[in-house]
Amino acid sequence: MTEKKVRPRIGMRRAISAFAGILALSGMLVSLSAAQGVTAANPATEVVYAVKDFQNGNARFYSHPAGNGVTIKYFILKSSDGVIRAAFDACDVCFEAGKGYEQKGDFMVCKNCGRRFASVRINEVQGGCNPAPIIREVKGDKVVLQVKDILEGKQYFTFGKGGGR
């Protein structure tokens, strides 16, 4: 009889340890999602960001896996006219260089050719070295990008070894 009492206790300890491990892993995943500032309303169809993340006017850069080793890069910013804008971190001309853009004041600057684009022109002008626009929607306190719209930028990132930059 003593053996039967010991075995359930060991089984209970294992179950408690496994449960604690699952809770710890869940906490880490929630923490990672919060650290990135993104929540998936429906992981299959949209990516959602908090509007407050863009209030300071600084461009925030993100990436989205597109499969086959390709990662799509994009940025979101609140322009000087108060509009939240989104664009791929690439353009029709310089995308093969794989350098993207950096923000300098109220301008996004191509890191390949040095052309400057006023923040108020992002999503307004397309083609050439302009940052390629991504459709975005502001719904209350959320900025919503459709995954299908992000994936449309795949052609800007499918070059070089490994299918991307």
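Which residues have the most contacts inside the largest nonpolar core? I found Tyr-49, Tyr-74, Ile-76, Phe-88 and Leu-145, in a core of 22 residues. A nonpolar core here is a set of buried Ala, Val, Leu, Ile, Met, Phe, Trp, Tyr and Cys residues joined through side-chain atoms within 4.5 Å. Buried means under 20% relative accessible area, exposed over 50%, and partly exposed in between, with a 1.4 Å probe and protein chains only.

Ground rules, before I go on. This is a predicted model, where local features need pLDDT of at least 70 and side-chain atom pairs count only at pLDDT 80 or more, while totals for chains, interfaces and linings use all residues. Residues are numbered from 1 along each chain as its sequence is written, and side-chain values use heavy atoms, with hydrogens and water left out.

The elements giving two or more residues to it are β2 (46–50), β3, β4, β5, β10 (142–146) and α2 (147–151). The largest share, four residues, is from β4. Helices (H or I, at least four residues) and strands (E, at least two) are DSSP runs, numbered from the N terminus. I also noted a second, separate core of 12 residues, with Phe-75, Tyr-101, Met-108 and Cys-110 among them.

Then the sheet. Three strands form an open one in the order β3-β4-β5, with antiparallel pairing. Strands β3 (60–67) and β5 are at the edges with a single partner strand each, so one side of each has no neighbour in the sheet. On average, neighbouring strands are turned by 25° against each other, direction ignored; axes are lines fitted to C-alpha atoms, for helices over the stretch in contact, and angles run from 0 to 180 degrees between N-to-C directions. Two strands pair if DSSP finds at least two bridges between them. I see seven bridges from β3 to β4, with Phe-61 partnered by Phe-75 of β4. Five bridges join β4 (residues 70–78) to β5, and Lys-78 stands opposite Ile-84. In that hairpin, five residues lie between the strands, and Gly-82 takes a positive phi near 90°.

Is β5 enclosed or open? Five of its five residues (84–88) are buried, so β5 is largely enclosed by the rest of the structure. Ile-84, Ala-86 and Phe-88 cover one face, Arg-85 and Ala-87 the other.

Last, β2: five of five residues are buried, so β2 is largely enclosed too. Five bridges join β2 to β10, running antiparallel, and Glu-46 has Gln-146 as its bridge partner in β10.
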